[in-house]
Amino acid sequence: MIRFRISGYVFRISEPVVLERVEILSLIEQFQFNFLDDNRWQFILSGLKNTIIITFFAVLLGIFLGFVIAIVRSTHDKTGKLKILNVICRVYLTVIRGTPTMVQLLIVFYVIFATIDPGKIVVAIIAFGMNLLHTWLRSSVPVLCLLIRDSLRQDGAWVLTIHRL
């Protein structure tokens with residue numbers, strides 16, 4: 001029996017401790033151990049599927065929210081109407097631009113959806129959708145309005161839209 005003391009605690013080891021020699025695995029053995037054994041590749045495949053689903057629907061939500069915000073902001077800039085909606089959009093953009101994405105994910109998951117459980121993927125779609133594309137559409141809406149109004153400047157407006165995206 002071996003006794004030793006660390007920070008005032010006494011430890012006893014009754015069985016002999018055997019230190020094994022650690023082998024360095026080749027790249028193929030590491031791949032087999034990490035991915036093929038126990039079907040671990042299925043975790044990566046399901047994560048990839050979730051990532052694609054979250055990205056697709058977050059981009060759709062981001063395009064919708066960005067388009068609404070860009071229309072409200074552009075309408076207010078040109079006509080002075082929609083003052084309350086413009087203030088709401090400005091506050092929204094200030095909050096979204098000022099907080100990191102991870103903090104937004106935590107706020108959406110633990111604060112907004114604290115009482116109901118829509119699912120982790122839905123929460124991720126909402127959080128990333130709120131964070132995406134509002135600045136792209138804000139700069140593109142005036143150019144798109146030029147496309148619709150003035151047929152003589154369509155080529156220039158098209159080039160500016162592609163350049164800004």
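Here are a few questions and answers about this predicted model. Residues are numbered from 1 along each chain as its sequence is written, and side-chain values use heavy atoms, with hydrogens and water left out. Local features need pLDDT of at least 70 and side-chain atom pairs count only at pLDDT 80 or more, while totals for chains, interfaces and linings use all residues.

Q: In what order do the elements of the protein run from the N terminus on?
A: Let's start with the overall layout. Helices (H or I, at least four residues) and strands (E, at least two) are DSSP runs, numbered from the N terminus. The protein has seven helices and two strands. Their order is β-β-α-α-α-α-α-α-α.

Q: Are α2 and α5 oblique or roughly parallel to each other?
A: The axes, lines fitted to C-alpha atoms over the stretch in contact, have angles from 0 to 180 degrees between N-to-C directions. Those of α2 (residues 41-79) and α5 (residues 120-131) come within 7 Å and cross at roughly 40°. Angles under 35 degrees count as roughly parallel, over 145 as roughly antiparallel, 65 to 115 as roughly perpendicular and the rest as oblique. The two helices are therefore oblique.

Q: Which side chain joins that of Asn 86 in a polar contact of 3.0 Å?
A: Asn 86 sits in helix α3 (residues 83-98) and is buried (under 20% relative accessible area, 1.4 Å probe, protein chains only), at 4%. A polar contact is a pair of N or O atoms within 3.5 Å, one able to donate a hydrogen and the other to accept it within protein; residues adjacent in sequence count only if both atoms are side-chain atoms. The partner is His 76.

Terms used:
Buried means under 20% relative accessible area, exposed over 50%, partly exposed in between (1.4 Å probe, protein chains only).
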